[in-house]
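Dear colleague,

I am passing on the structure below, followed by notes on what was found in it. Please keep it open while you read.

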Amino acid sequence: MSIHIEQISKRFGQFQALNQINLQLNTGELTALLGPSGSGKTTLLRIIAGLEQADSGLIRFNQQDISQQHVSERGVGFVFQHYALFKHMTVFENVAYGLTVKPKKLRPSKADIAKKVHNLLELVQLGWTADRYPAQLSGGQRQRIALARALAVEPKMLLLDEPFGALDAKVRAELRRWLRRLHDEIHVTSVFVTHDQEEALEVADRIVVMNQGQIEQHGTPEQVYDHPANPFVYEFLGNVN
Ligand code: ADP
């Protein structure tokens with residue numbers, strides 16, 4: 001699904017969090033929203049998701065204006081920084097959750113749900129955890145379960161907010177490769193928020209560099225790497241070279 005963002009603005013009191021954002025995201029691509037803390041990345045993600053209303057502007061999914069559509073109608077899967085897994089449910093129940101709460105007419109049969117959950121757990125290579133509880137898993141494993149859970153409802157779009165931010169460097173590096181591989185398999189249009197330049201350069205098909213509520217650069221990792229328009233990226237590249 002393609003996403004068109006037109007002239008989106010958002011204020012919190014006197015503070016202009018987003019200032020006339022225009023952005024087009026291509027079907028099946030993995031886009032990183034990269035920028036320093038407070039640059040408006042999460043606010044933009046939440047507006048795309050329907051968790052937050054913009055003050056003005058339009059969002060189109062496949063050309064259709066969805067600005068008035070409720071979050072539940074937008075076909076979005078979420079993964080957040082702090083694992084939002086249900087502690088009192090097993091891994092199986094967590095991944096199945098989005099399917100079991102569907103209206104009766106749309107709900108798959110129990111057997112179909114079981115098959116789907118097992119396939120998803122195989123996809124994230126955690127089939128053996130089905131009967132465990134989140135507390136029995138490592139942080140990285142929990143985020144992989146969170147990914148499986150987000151995919152269970154076959155989202156048209158996957159939105160990830162600092163998905164690996166709470167993990168240590170080694171696990172984060174592993175999960176980046178994971179996200180990339182998974183994305184290559186399922187090709188769902190995905191957007192992830194990060195303030196980690198290396199993560200964006202390594203994982204994304206396209207990078208949107210944000211600063212003070214505006215987009216400063218939008219390009220492939222190669223373009224952003226070769227011509228960093230933003231000091232946030234430029235200094236980082238200076239540091240690693
Ligand atoms: P980022 O994700 O890039 O760190 P955010 O989108 O979370 O940035 O926030 C952008 C700015 O908007 C920040 O200065 C933040 O304090 C402010 N902000 C975000 N959400 C709210 C809110 N609900 N109420 C007031 N200010 C907010």
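**Overall build**

A compact globule of 241 residues would have a radius of gyration near 18 Å, and the protein chain has 18 Å, so the two agree. That radius is taken over C-alpha atoms, and the globule rule is 2.2 Å times the number of residues to the power 0.38.

This is a predicted model, in which local features need pLDDT of at least 70 and side-chain atom pairs count only at pLDDT 80 or more, while totals for chains, interfaces and linings use all residues. Residues are numbered from 1 along each chain as its sequence is written.

The C-alpha trace spans about 50 × 45 × 30 Å along its principal axes. The protein chain has eight helices and ten strands; these are DSSP runs numbered from the N terminus (helices are H or I, at least four residues; strands are E, at least two).

**Sheets**

Two strands count as paired if DSSP finds at least two bridges between them. E6 and strand E7 (residues 157–161) run parallel and are joined by four bridges. Opposite glycine 77 stands leucine 158 in E7.

The other open sheet to note has four strands, ordered E2-E1-E4-E5, and its pairing is antiparallel. Its edges are E2 (15–25) and E5 (64–65); each has a single partner strand, so one side of each is left without a neighbour in the sheet. Strand E1 (residues 3–12) is joined to strand E4 (residues 56–61) by five bridges. Serine 9 has serine 56 in E4 as its bridge partner.

**Core**

Of the 241 residues, 37% are buried (20 or more other C-beta atoms within 10 Å of the residue's own; exposed is 12 or fewer, partly exposed in between; C-beta atoms are placed from the backbone). The largest nonpolar core has 58 residues, and Ala32, Leu33, Val95, Ala148 and Val208 have the most contacts inside it. Helix H4 (residues 139–152) gives the largest share of this core, seven residues. A nonpolar core is a set of buried Ala, Val, Leu, Ile, Met, Phe, Trp, Tyr and Cys residues joined through C-beta atoms within 7 Å.

Regards
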